[in-house]
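Me: I would like to learn how to read a protein model step by step. Could you take me through one, giving the general idea before each case?

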Protein chains: 2
Amino acid sequence: MKFVIERDRLVQAVNEVTRAISARTTIPILTGIKIVVNDEGVTLTGSDSDISIEAFIPLIENDEVIVEVESFGGIVLQSKYFGDIVRRLPEENVEIEVTSNYQTNISSGQASFTLNGLDPMEYPKLPEVTDGKTIKIPINVLKNIVRQTVFAVSAIEVRPVLTGVNWIIKENKLSAVATDSHRLALREIPLETDIDEEYNIVIPGKSLSELNKLLDDASESIEMTLANNQILFKLKDLLFYSRLLEGSYPDTSRLIPTDTKSELVINSKAFLQAIDRASLLARENRNNVIKLMTLENGQVEVSSNSPEVGNVSENVFSQSFTGEEIKISFNGKYMMDALRAFEGDDIQISFSGTMRPFVLRPKDAANPNEILQLITPVRTY
Amino acid sequence: MKFVIERDRLVQAVNEVTRAISARTTIPILTGIKIVVNDEGVTLTGSDSDISIEAFIPLIENDEVIVEVESFGGIVLQSKYFGDIVRRLPEENVEIEVTSNYQTNISSGQASFTLNGLDPMEYPKLPEVTDGKTIKIPINVLKNIVRQTVFAVSAIEVRPVLTGVNWIIKENKLSAVATDSHRLALREIPLETDIDEEYNIVIPGKSLSELNKLLDDASESIEMTLANNQILFKLKDLLFYSRLLEGSYPDTSRLIPTDTKSELVINSKAFLQAIDRASLLARENRNNVIKLMTLENGQVEVSSNSPEVGNVSENVFSQSFTGEEIKISFNGKYMMDALRAFEGDDIQISFSGTMRPFVLRPKDAANPNEILQLITPVRTY
């Protein structure tokens, strides 16, 4: 294997595939980046066996030569050294050559490195995801769905399936749900592609978070394919594979209360700022408890008390409040996570009693499941 | 105590004094910020007993009212809460009022906090530094002196005096020296103030690093005053006190070799980049060992070898090389620290043999002590 490549393109691809690589893997070869050169271009692969990322660099793009290949082949190089090396190379081009015994020369200008490589045949095969139906979705829509749900997955592994986000695709709709059993986040969007099949899958929250870091906020589409207990997200020169979680996700629809006793309409940004301030003292106590109480003049009082440190209270103007008076306590962090999903828009909070979960939705939402955030109160009052 | 103050000015002063505050102090009241209000303005103090910072906010500045005082007094408030609170307050102004039992109300717009405070009379007195001679120095010059020497202080406390930088002021010159006994950094500048007295002090490296973070790169002057085993740096509205280290600093002048056997002139930036690349593999071995070897064509070879990972070598063009051939090994981190002190300028490296310390200076330096970096080689060749 011997080729010359534009350093900046190589650095970009290395940065992309490195996102999948974990230093704590139990499979030593997975601490490396696999590099394969053929007559189409250079392919880099990184994987922690849950997530695999493949970045492709074509020989020629827009009539510009990016890679000049002298001989085909492959190698696996330690990602922590290879990445640091290519980022610091002095010239615009890099020559990479595998000599004997997987020894690899990396040279640029006057600088010349030799790294001990590994046999690329030893590198695990990527999952085959070819036979599934392909669904297209704009990247910025996908990023939003992930951002508005993934924070609510469970951080603990007691029920592994809850560490993922449940995606249900049916009737040309995608609905994504995450819950850690104290709060729930739900987002539903119409799909542009016609899908006959129904899918019900659970994608690890960590995979979705990594995917979101990798994607620019673009309006072009990404392709998703499902097969063999894997999901593949496909961009122009990038493949992102994630394993799916096994086990059936609980039916969350019956957790959402339908009997509203009071309703508060408020601006999510102003409310978020007040909750953020109240959380400054609330973080000292175990559940980050914040109290909410409706006042007579259409305001709500947000307060918190930490005996050691002090207390805080703030009145926030609501746009309207109807129904029974409310006095309720909740985890401030959950509320902030939920409010951020609404990006500053006006929201409607539906309460069905002091000890029943309450639900946040956009004000005047046409579809009640477009964005839904549910929070279970904390017992204090 | 009751006053209203511009939030942004308060936030700035809180950020400044917080630099001195350590969460790990053994004196509980020092985790707080002392606030004192009198007829001149508001004074905030933070301290870890080694470093103390005092920030002053005048009542009126440039005909603009910054503080409106209703009653004088003082309080000590937990810095970690007080800082977060004032940074997040909703309006431009903040009202602070001490009620009974050191309870303090902090309110802005609709938000109202109550913090449990402490008696300001319990807060340790700041050192008195009034009787010493005052020396003026431009802030950017001071920042450079610190930056070019402080990295070379010892990180271990075996010889406490070596964790500081030795400042010697005599004959209208300031010379700053730091050494951890493996390398040495020296910087000498002429002083504008006429100083009759001689001073020989050791300032903790940590104090100088914190001072540098606090100072903008301005050309105006800062005043330094020495007294009672303390140094005081005085800006317009800011006082920075540091305790001095006790014990006599070793005489480092005789460590600097005077018998040069070979001399290399090279650009510090190009050399730094090559050393940085070679260090990528060198960091695996214990002393970060990099080898330097002169070649016949006026180039020098920088190389490193880490049996597990691989090796690296790079030829760097020098501007000139005279004297005996050189083959020498050194700690790559020490070399990078030293090279950064020259800010990309051309330098001259004087060698007096493979096992003797070598010295870096600016090319054609008029004063041999203007900037001097000394490194002791590592035994490998």
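Reply: What follows is a conversation about this predicted model, moving from one chain to the pair and then to single residues.

Me: Which part of chain A does the domain annotation cover?

Reply: An annotation comes from a record, and it can be set beside what is computed from the model. The unreviewed UniProt entry carries the annotation "domain: DNA polymerase III beta sliding clamp N-terminal", which covers residues 1–127 of chain A. Over those residues the chain is 17% helix and 46% strand, with the end C-alpha atoms 25 Å apart.

Me: How are chain A and chain B related, and what rotation superposes them?

Reply: To read a relation between copies, one looks for the rotation and the shift that bring one onto the other. Here a rotation of 180 degrees, with 0.0 Å of shift along its axis, superposes chain A on chain B with an RMSD of 0.0 Å. The two copies are therefore related as by a two-fold rotation axis.

Me: Why can one say that the copies meet through the same surface?

Reply: The idea is to compare the interface residues of the two chains. Because 100% of the interface residues of chain A are also interface residues in chain B, the copies meet through the same surface. The contact takes 31 residues from chain A and 31 residues from chain B. About 2800 Å² is buried between the two chains, and carbon and sulfur atoms give 50% of that area. On the chain A side, Tyr81(A), Arg88(A) and Gln110(A) lose the most area to chain B, together 22% of what that side buries.

Me: What polar links are there, and which elements of chain A supply the touching residues?

Reply: One can count the links and then trace the residues back to their elements. Between chain A and chain B there are two salt bridges, including one between Arg88(B) and Asp276(A), whose closest N and O atoms are 2.8 Å apart. The count of residue pairs in polar contact between the chains is 14. Helix H2 (79–87), strand E11 (111–116), helix H5 (268–282) and strand E23 (310–317) of chain A each supply at least two residues of the side that touches chain B, and the largest share, seven residues, comes from E23(A).

Me: How many residues of helix H6 of chain A are buried?

Reply: For a helix, one counts its buried residues. In helix H6 (residues 332–340) of chain A, seven of the nine residues are buried, so H6(A) is largely enclosed by the rest of the structure. Tyr334(A), Met335(A) and Leu339(A) are among them. Asn331(A) caps the N-terminal end of H6(A), with a side-chain oxygen 2.8 Å from the backbone nitrogen of Lys333(A).

Me: Finally, is Ser303(B) buried or exposed?

Reply: A single residue is read from its relative accessibility, where buried means under 20%. Ser303(B), in strand E22 (residues 299–306) of chain B, has 12% relative accessibility and therefore counts as buried. Not counting residues up to four places away in sequence, Ser303(B) touches Ile290(B), Lys291(B), Val312(B) and Ser313(B).

Terms used:
Residues are numbered from 1 along each chain as its sequence is written. Chains are lettered from A and ligands numbered from 1 in the order in which they are written. This is a predicted model: local features need pLDDT of at least 70, side-chain atom pairs count only at pLDDT 80 or more; totals for chains, interfaces and linings use all residues. Side-chain values use heavy atoms; hydrogens and water are left out. UniProt positions are given in the numbering used here, feature names are shortened, and annotations may be inferred rather than shown by experiment. Helices (H or I, at least four residues) and strands (E, at least two) are DSSP runs, numbered from the N terminus. Copies are superposed by least squares on the C-alpha atoms of residues with pLDDT of at least 70 in both. Contact means heavy atoms within 4.5 Å. Buried means under 20% relative accessible area, exposed over 50%, partly exposed in between (1.4 Å probe, protein chains only). A polar contact is a pair of N or O atoms within 3.5 Å; within protein, one must be able to donate a hydrogen and the other to accept it, and residues adjacent in sequence count only if both atoms are side-chain atoms. Buried area is the accessible area (1.4 Å probe) that two parts lose on being put together, summed over both. A salt bridge is a side-chain nitrogen of Lys or Arg within 4 Å of a carboxyl oxygen of Asp or Glu.
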